[in-house]
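Reader: I am new to this structure and would like to learn how to read it. Please take one feature at a time.

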Amino acid sequence: MFNIFKKKSREEAKLFYHTDVHSHILPGVDHGSEDVGESLEMLRAEIAMGITHVMCTSHVTAETFENTPESLTAAYELLQKAVDEEGLPIKIYASAEYRIDEYWTKEYEAGHILPMPGKRILLENSFAQELIGIDNMMFDLQVKGYRPILAHPERYRYYYGRKERYKALHSASVKFQVNILSLAGYFGSGARETAVWLIQNNLCDMLGSDMHNMEHAQIIMDYIGSKDWRKLCEKYDLPHRIVNDREFEL
Ligand SMILES: [Fe+2]
């Protein structure tokens, strides 16, 4: 009996928004999707959850994934061809999740970057420590017409004891994108509690899947079929407060 209900909720669970702003679906450019077949499977999961537009934000990090607009566009074109052949009802966009490090600084200064529509840039902080000068960098981006989005702020542990930094960054017009995987508890209790705290404090602008594989997709599908997710959506009126679709107007 339990399994039947579980399956039913999985099939019916839809997100209230249609734009996924964070994913690792492009094939073969980071430790997300390995090939076009896996990418298509992940896109089918997105469609099942009601997503119609996907920002493909592959990692760009020093030494590990030194992607360029050219390498990302090549992977995107490969996937777009397959999406067309399969006739999938979903639109994909090539962009990146830029780790703020020496490679980012070099590429940014050279103007060699691939933003999302509307010059939005998804940025990832270091997981070890806050970057010195991050406030100036966020300011500089905005002066140049970019709109920075901080990826999964709830995952940076060094902010847990100094939440005023969240407020400072957010009030400097940096948008915050929380991972649904964090809300589902995938990254542990600290990330989950901080994700809820960000929502409670009006510091969560967007939600993202950050899916790297089908395991992530399945966790998200299960979670959005749960009572916990429904209660969170109702309690904090998430459908009206989360701006994924409004932000991009695609
Ligand atoms: Fe990511």
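**Reading the features**

Author: We start with handedness: the crossing of α2 and α3 is right-handed. This is a predicted model.

Reader: At roughly what angle do the axes of α2 and α3 cross?

Author: An angle is sorted into a class by cut-offs, and 65 to 115 degrees counts as roughly perpendicular. Here the axes of helix α2 (residues 36–48) and helix α3 (residues 69–86) cross at roughly 60 degrees and come within 10 Å. That is why α2 is oblique to α3.

Reader: Which residues of α2 and α3 meet?

Author: A contact is read from both sides. From α2 come Val36, Ser39, Leu40 and Leu43, and they meet Leu78, Leu79, Ala82, Val83 and Glu86 of α3. Sorted by class, this contact has 7 nonpolar residues, 1 polar and 1 charged.

Reader: In what order do the strands form the sheet?

Author: A sheet is read strand by strand. The order is β1-β2-β3-β4-β5-β6-β7, an open sheet of 7 strands with parallel pairing.

Reader: How many bridges join β4 to β5?

Author: Strand β4 (residues 120–124) and strand β5 (residues 147–151) run parallel and are joined by 4 bridges. In one of these pairings, Ile121 has Pro148 in β5 as its bridge partner.

Reader: Where is the pLDDT below 50?

Author: Where pLDDT is low, the predicted coordinates should not be read in detail. The protein chain has a mean pLDDT of 95, and 95% of its residues reach 70 or more. The stretch below 50 is residues 1–10, which has 4 contacts in the model beyond near neighbours in sequence.

Methods
Residues numbered from 1 in each chain as written. Predicted model: local features only at pLDDT ≥ 70, side-chain atom pairs only at ≥ 80, totals over all residues. Axes fitted to C-alpha atoms, helices over the stretch in contact; angles between N-to-C directions. Helix = DSSP H or I, 4+ residues; strand = E, 2+ residues; numbered from the N terminus. Parallel < 35°, antiparallel > 145°, perpendicular 65-115°, else oblique. Left-handed = near helix turned anticlockwise from the far one by under 90°. Contact = placed C-beta atoms within 7 Å. Nonpolar A, V, L, I, M, F, W, Y, C, P; charged D, E, K, R; others polar. Pairing = 2+ DSSP bridges. pLDDT = per-residue confidence, 0-100.
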